[in-house]
Amino acid sequence: MSFDFQEFRSHFPILYQDIHPKKKLVYFDNAATTQKPISVAQKLDHYMMKVNGNIHRGTHKMAADATKAYEDARDIVVNFMNASSREEVIFTKGTTESINLVAFSLGELCINQGDEIIVSELEHHANIVPWQMLCQRKGAVLRVIPFSDKGELDLDAFASLLNEKTKIVAVNHASNALGTINPISEIIRMGHENGAYVLIDGAQGIAHCEVDVQKLDCDFYAFSGHKIYGPTGTGVLYGKKEILDKMPPFMTGGEMIDTVTFGETTFNVLPYKFEPGTPNYIDVIALGEAVSFVAKYGKPALFEWEHELYCYAMSKLRQIEGMRFFGEADNKVGIISFAIDGIHHFDLGTLLDQLGFAVRTGRLCVDPIMDHYKVQGMTRVSLSPYNTKEEIDQFYNALLRLQQMFL
Ligand code: PMP
């Protein structure tokens with residue numbers, strides 16, 4: 001099937017609005033959050049208006065129907081990631097919660113004084129701070145894989161950081177600031193050869209890259225629903241069953257228990273052991289719809305078009321004098337971060353907004369990357385397959401126009 005990008009775009013009505021008087025929206029902030037297709041909004045509407053009953057506990061029809069839809073969403077995610085069982089897919093409220101869950105619970109299981117945890121210099125704060133706090137609690141040490149100015153991780157440096165004290169390696173699949181797709185198969189293999197657990201932060205990887213957790217052999221893979229056309233407040237933690245089984249609960253309360261007395265509590269089976277309280281079931285059901293929506297097109301087709309847009313955008317933007325690009329790795333998702341000589345990123349972002357362009361500016365939740373390049377912030381364009389070459393042309397013309405203003 002050849003990819004019909006106009007048909008794909010037509011599922012996202014939000015993209016067809018004027019965001020300021022006579023200024024059409026051009027949405028280039030997809031790494032922050034993606035827009036939602038109509039079918040996702042319809043799912044939310046249906047379960048809010050017609051089928052709302054608290055799951056896993058009710059005897060009435062709405063509770064039973066909502067429970068089935070929630071568990072069906074789990075099956076959809078299991079297939080999408082090729083997990084080996086539904087016990088390995090835990091619903092959370094996002095990547096941040098998924099990583100915190102592992103940092104707390106796996107940390108309880110395996111981290112002791114003097115142990116080492118490896119992250120990379122390319123990480124989002126959400127994949128740094130939970131590990132840093134774990135290190136502080138346990139007296140462990142955080143080690144960092146550096147990246148080159150091109151934006152690629154230094155695997156030789158990684159190899160030299162690994163040692164018998166390394167217990168956990170946590171890196172992202174794709175960088176939200178530089179767009180680099182990291183060689184995670186290699187990183188997972190190297191981590192495992194050294195006896196470490198490996199977590200992949202898939203917040204940016206999930207919508208763009210193929211993710212087969214059995215083939216990758218990662219121990220954990222975390223992602224957020226809102227970055228893959230699903231609702232905010234939803235996320236997934238994939239974990240290998242044999243490890244999750246050994247990990248203690250993270251948050252506690254109803255649903256995650258088997259029996260409770262004042263003397264002792266026993267815990268529910270997977271995945272419920274890690275899903276305390278009333279889950280965000282309506283949004284999760286809609287996340288299932290978002291994942292099905294992506295699966296219907298197939299990630300390779302979506303990525304091929306996104307990559308074409310990325311190459312087209314780079315070919316245009318390179319023509320602009322005074323542009324500095326951050327991160328030009330060989331293997332990238334459609335993210336372009338840059339600075340323009342003489343224009344502060346906040347000014348640029350504000351003026352672009354006035355012209356209808358939604359981009360992200362600032363520190364992008366990656367202070368270590370800002371420190372690496374010795375900058376205070378960047379301007380980021382992040383593409384989705386619903387973007388168009390016309391939008392890129394308009395953006396190029398807008399940048400030229402704004403540059404004139406600052407001369
Ligand atoms: N990791 C990366 C690479 C991200 O891009 C983000 C979101 N920008 C996160 C983690 C955190 O995701 P969330 O805010 O949805 O929990």
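## Helix packing

α11 and α14 cross in a right-handed sense, meaning that the near helix is turned clockwise from the far one by less than a right angle. Helix α11 covers residues 299-317 and helix α14 residues 389-405; they pack at about 25°, with axes 10 Å apart. That makes α11 roughly parallel to α14, a label for angles under 35 degrees. Axes here are lines fitted to C-alpha atoms over the stretch in contact, with angles running from 0 to 180 degrees between N-to-C directions. Helices are DSSP runs (H or I, at least four residues), numbered from the N terminus.

Helix α4 (residues 95-110) packs with helix α5 (residues 129-138) at about 25°, and their axes are 9 Å apart. α4 is therefore roughly parallel to α5, and the crossing is right-handed here too.

## Model notes

This is a predicted model, in which local features need pLDDT of at least 70, side-chain atom pairs count only at pLDDT 80 or more, and totals for chains, interfaces and linings use all residues. Residues are numbered from 1 along each chain as its sequence is written, and side-chain values use heavy atoms, with hydrogens and water left out.

## Around the ligand

Which residues surround the ligand? Among them are T95, T96, H124, N176, D201 and K227, where near means a heavy atom within 4 Å.

A polar side-chain atom of T96 lies 2.6 Å from a ligand oxygen, and a side-chain N or O atom of D201 is 2.6 Å from a ligand nitrogen. The ligand taken alone exposes 400 Å², of which the protein buries 85% (Shrake-Rupley method, 1.4 Å probe).

Conventions:
A polar contact is a pair of N or O atoms within 3.5 Å; within protein, one must be able to donate a hydrogen and the other to accept it, and residues adjacent in sequence count only if both atoms are side-chain atoms. Helices (H or I, at least four residues) and strands (E, at least two) are DSSP runs, numbered from the N terminus. Angles under 35 degrees count as roughly parallel, over 145 as roughly antiparallel, 65 to 115 as roughly perpendicular and the rest as oblique.
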